[in-house]
Amino acid sequence: MPQHCGEEGEGHGVVRSAERGWTSAEVLGCLALSAVLLATFVLSALGMFLFARELTGSSAAAFVAGAAFGFAPYRFGSLPHAQVLSSQWMPLAFFGVTRFLRTRNLRPLAGGAAAWALQNLSCGYYLLFFSPFVPLYVAWELTRRRVWSNARLMAQIAVAGASRSEEHTSELQ
């Protein structure tokens, strides 16, 4: 990333661009970084909206939850760290599990597993801090819905979880 694109240093972008000009690669790099940073806010809000609506059935409550998660004040302190801002996959992982248990359709479970994988690839911190909560959430949902005795359902969840554990092992090495 060019030093003048979002980092403090010898000068901010406008000052440095007047001094020496920007190359097209630097301009594209700044635009790409800005797009990624903006996308993390919007996608985090959208992911939480979907998850909260799935849990509550209320679009109004989901809107509040999405706005609170996507645009929380603490996120603005992490602007220099795009990987830490990339938390949009967390609610989507939970959304996939919740939707799967409600509909028994495998597509949401696959989407939830993919969101979990993308979250782990986005930020190493979240690999360590978020991953333990996924099986805990699955166990809570299975208990709440009283479906521990459904062997087929448990096998489907085990396959999705096993595919993720294998990737976790390779990501940590």
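These legends go with close-up views of a predicted model.

**View 1. The largest pocket, seen up close.** This pocket takes up a volume of about 260 Å³. Count the residues around it and you get 18 in the lining, with W116, V134, V138, I157 and G161 lying nearest the centre. Sorted by class, that lining holds 15 nonpolar, 2 polar and 1 charged residues.

**View 2. The helices around the largest pocket.** Helix 10 is the top contributor to the lining, giving 6 residues.

**View 3. Helix 7 from end to end.** There are 17 residues in helix 7, and the distance from its first C-alpha to its last is 24 Å, close to the 24 Å expected at 1.5 Å a residue. At the N-terminal end sits a cap, N105, with a side-chain oxygen 3.1 Å from the backbone nitrogen of R107. Further along, the buried residues of helix 7 include L109, G112, W116 and N120.

**View 4. The largest nonpolar core.** Nonpolar side chains tend to be buried together in soluble globular proteins. Here the largest such core has 24 residues, and L101, F130, L142, L153 and I157 have the most contacts inside it. Helix 2 (24-56), helix 6, helix 7, helix 9 and helix 10 are the elements that each put two or more residues into this core. Helix 6 gives the most, with 7 residues. Spot I157 again: this residue is among those nearest the centre of the largest pocket, and also among those with the most contacts inside the core.

Note on methods:
Residues are numbered from 1 along each chain as its sequence is written. This is a predicted model: local features need pLDDT of at least 70, side-chain atom pairs count only at pLDDT 80 or more; totals for chains, interfaces and linings use all residues. Side-chain values use heavy atoms; hydrogens and water are left out. On a 1 Å grid over the protein atoms alone, a cavity is a set of points where a 1.4 Å probe fits but cannot get out, and a pocket is an open set with protein on both sides within 12 Å along at least five of seven lines; lining residues have an atom within 4 Å of a point. Grid points are joined across faces, edges and corners, and a volume is the space filled by probe spheres set on the points. Helices (H or I, at least four residues) and strands (E, at least two) are DSSP runs, numbered from the N terminus. Ala, Val, Leu, Ile, Met, Phe, Trp, Tyr, Cys and Pro count as nonpolar, Asp, Glu, Lys and Arg as charged, and the others, Gly among them, as polar. The expected span of a helix is 1.5 Å times one less than its number of residues. Buried means under 20% relative accessible area, exposed over 50%, partly exposed in between (1.4 Å probe, protein chains only). A polar contact is a pair of N or O atoms within 3.5 Å; within protein, one must be able to donate a hydrogen and the other to accept it, and residues adjacent in sequence count only if both atoms are side-chain atoms. A nonpolar core is a set of buried Ala, Val, Leu, Ile, Met, Phe, Trp, Tyr and Cys residues joined through side-chain atoms within 4.5 Å.
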